[in-house]
Amino acid sequence: MTIMTARFASILLSGCLAASLFSGPVFAVGDDNSTMPTCRKGEIYDQKTKKCVKQQSANVSDENRTDYAYSLAKAGRYEEALAMLDTVKDQNSAEVLNYRGYATRKLGRTDDGISYYLQSVKLDPQYAKVREYLGEAYVIKGRLDLAKEQLRTIKAICGTTCEEYQDLNAAILDPSKI
């Protein structure tokens, strides 16, 4: 009887553990310090309350919406990321344009992505993340000369040890890393 009880307890514990893993928010995958969790479709992660809330009733800032859109994009949910960016009031910010470019590029529309990146660069020429993504788009287009130009700019912004420099350099050396 004790073996049967132990098996039952083990199965019950495993089930509870599995349920807890699938019931909470999912953290975005990526190496860009993106630690904001992603929620189910139709929800947004509210940074103030630290939980997923219904998107329609959410009273969250543009910054929260922008960060959440980036988390969605890093999790491969590009269409949702673009839809989230559509809810941001200030559409003319370097971050919104950069993340719109990223999601658009990841959907295979590289030229459109480049257009958004260039708009972002005009707003904030010292924004290293947009320079990285613009360089990656140029690698995809086979324009290594332009990608290397972005790499030089990133080096002037944050040196060779920053993540943006390291990631773009890796993409130039091995385009399959994009």
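Me: Which residue of β4 does I44 stand opposite?
Reply: The model is a predicted one, in which local features need pLDDT of at least 70 and side-chain atom pairs count only at pLDDT 80 or more, while totals for chains, interfaces and linings use all residues. Residues are numbered from 1 along each chain as its sequence is written, and side-chain values use heavy atoms, with hydrogens and water left out. Strands (DSSP runs of E, at least two residues) and helices (runs of H or I, at least four) are numbered from the N terminus. In β4, the residue opposite I44 is V53.

Me: How many bridges join β3 to β4?
Reply: Two strands pair if DSSP finds at least two bridges between them. Strand β4 covers residues 51–54 and runs antiparallel to β3. The hairpin of these strands has 4 residues between them, and K50 takes a positive phi near 60° there. The number of bridges joining β3 to β4 is 4.

Me: Which residues of β3 point the other way from E43 and Y45?
Reply: In a regular strand the side chains alternate between the two faces of the sheet. All four residues in question are buried, a term for under 20% relative accessible area, with exposed meaning over 50% and partly exposed in between (1.4 Å probe, protein chains only). E43 and Y45 point one way, and the other way point I44 and D46.

Me: Is E136 buried or exposed?
Reply: E136 lies in helix α6, which spans residues 128–140. Beyond four places in sequence, E136 touches R105, D167, L168, A171 and I178, where contact means heavy atoms within 4.5 Å. Its relative accessible area is 9%, so E136 is buried.

Me: What is the length of the polar contact that joins the side chains of E136 and R105?
Reply: A polar contact is a pair of N or O atoms within 3.5 Å; within protein, one must be able to donate a hydrogen and the other to accept it, and residues adjacent in sequence count only if both atoms are side-chain atoms. R105 is also among the residues in contact with Y117. Between the side chains of E136 and R105, the polar contact is 2.9 Å.

Me: How far apart in space are I140 and I178, C-alpha to C-alpha?
Reply: I140 is found in helix α6. At 42% relative accessibility, I140 counts as partly exposed, and its contacts beyond four places in sequence are R105, T110 and I178. I140 and I178 are 38 residues apart in sequence, and their C-alpha distance is 8.1 Å.

Me: Over which residues does pLDDT stay under 50?
Reply: pLDDT is the predictor's confidence in each residue, from 0 to 100. The chain has a mean pLDDT of 84, and 79% of its residues reach 70 or more. Where pLDDT is low, the predicted coordinates should not be read in detail. The stretch under 50 is residues 12–33.
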